[in-house]
Amino acid sequence: KEFLERVSSEDYKSLEYKKKEFTIISPSEMQDLIKEGNELSHCVASYVEAITTKRCKIFFLRKSEDLDSSLATVEVRGHNIRQARGYANRALNQGERDFIAEWAKKKELELNYYY
C-alpha cells in the first residue's frame with residue numbers, strides 16, 4: 001500500500017517525461033521493479049523499501065515505441081540522478097545519456113551519476 005501511494009504521488013509522477021525516441025516512466029506496482037530487475041539482470045527489486053521511505057525514486061528508461069520492454073533503470077535521490085544502468089549494469093550509450101541530460105534539465109535534476 002505504501003509503495004503504491006508513493007509511486008502514484010504527484011511529486012513522483014511529475015518527473016515522467018516523453019520525447020520521440022525515449023520515455024521516462026515510473027513503476028506502477030512492486031511487481032514492475034521485480035520485472036525490471038529480472039529483465040535487466042540487476043538489483044533494482046531491492047529498492048522497494050528505499051522508495052516507500054522516500055529515500056529515492058526509481059524510473060525506467062524506455063524506447064517510446066516499446067514502453068513494455070526494459071532498456072535502463074534510473075535512480076533519483078533528492079534532485080540528483082545517482083544511477084542510470086542498462087542490462088547487467090551496462091553504462092548508457094551516448095543517445096541514452098543525452099536524453100537523460102535533457103530530462104534532468106527539464107525536470108531540474110542534477111546529473112551526479114557514474115557512466
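Rings of Phe, Tyr and Trp (its six-membered ring) count as a pair if their centres lie within 6.5 Å. The legends below describe close-up views of a predicted model.

**View 1. Ring pairs join Tyr12, Phe59 and Trp103 into a cluster.** The structure holds four aromatic pairs in total. Phe59 and Trp103 form an edge-to-face pair, because their planes stand at 70° and planes over 60 degrees apart fall in that class. The ring centres of Phe59 and Trp103 are 5.7 Å apart. Phe59 belongs to strand β3 (residues 57-63) and Trp103 to helix α5, so this pair ties together parts of the chain that are 44 residues apart in sequence. Phe59 is buried, at 0% relative accessibility. Trp103 is likewise buried, with a relative accessibility of 0%.

**View 2. Phe22 and Phe99 form a tilted aromatic pair.** The centre-to-centre distance is 5.5 Å, and the angle between the planes is 45°. The pair links distant parts of the chain, with Phe22 in strand β2 (residues 22-25) and Phe99 in helix α5 (residues 94-106).

**View 3. The largest nonpolar core contains 31 residues.** Ile58, Ile81 and Trp103 have the most contacts inside this core. The elements that give two or more residues to the core are α1 (2-7), β2, α4 (48-52), β3, β4 (72-77), β5 (80-85) and α5.

**View 4. Surroundings of Trp103.** Leaving aside residues up to four places away in sequence, Trp103 touches Leu15, Tyr17, Ile24, Phe59, Val74, Val76, Ile81 and Leu109.

**View 5. Cys43 and Cys56 are not joined by a disulfide.** The structure holds zero disulfides. For Cys43, the nearest cysteine sulfur is that of Cys56, 11 Å away; a disulfide would require sulfur atoms within 2.5 Å. For Cys56, the nearest cysteine sulfur is in turn that of Cys43. Cys43 counts as partly exposed, at 49% relative accessibility, whereas Cys56 is buried, at 1%.

Conventions:
Residues are numbered from 1 along each chain as its sequence is written. This is a predicted model: local features need pLDDT of at least 70, side-chain atom pairs count only at pLDDT 80 or more; totals for chains, interfaces and linings use all residues. Side-chain values use heavy atoms; hydrogens and water are left out. Rings of Phe, Tyr and Trp (its six-membered ring) pair if their centres lie within 6.5 Å; planes under 30 degrees apart count as stacked, over 60 as edge-to-face and the rest as tilted. Helices (H or I, at least four residues) and strands (E, at least two) are DSSP runs, numbered from the N terminus. Buried means under 20% relative accessible area, exposed over 50%, partly exposed in between (1.4 Å probe, protein chains only). A nonpolar core is a set of buried Ala, Val, Leu, Ile, Met, Phe, Trp, Tyr and Cys residues joined through side-chain atoms within 4.5 Å. Contact means heavy atoms within 4.5 Å.
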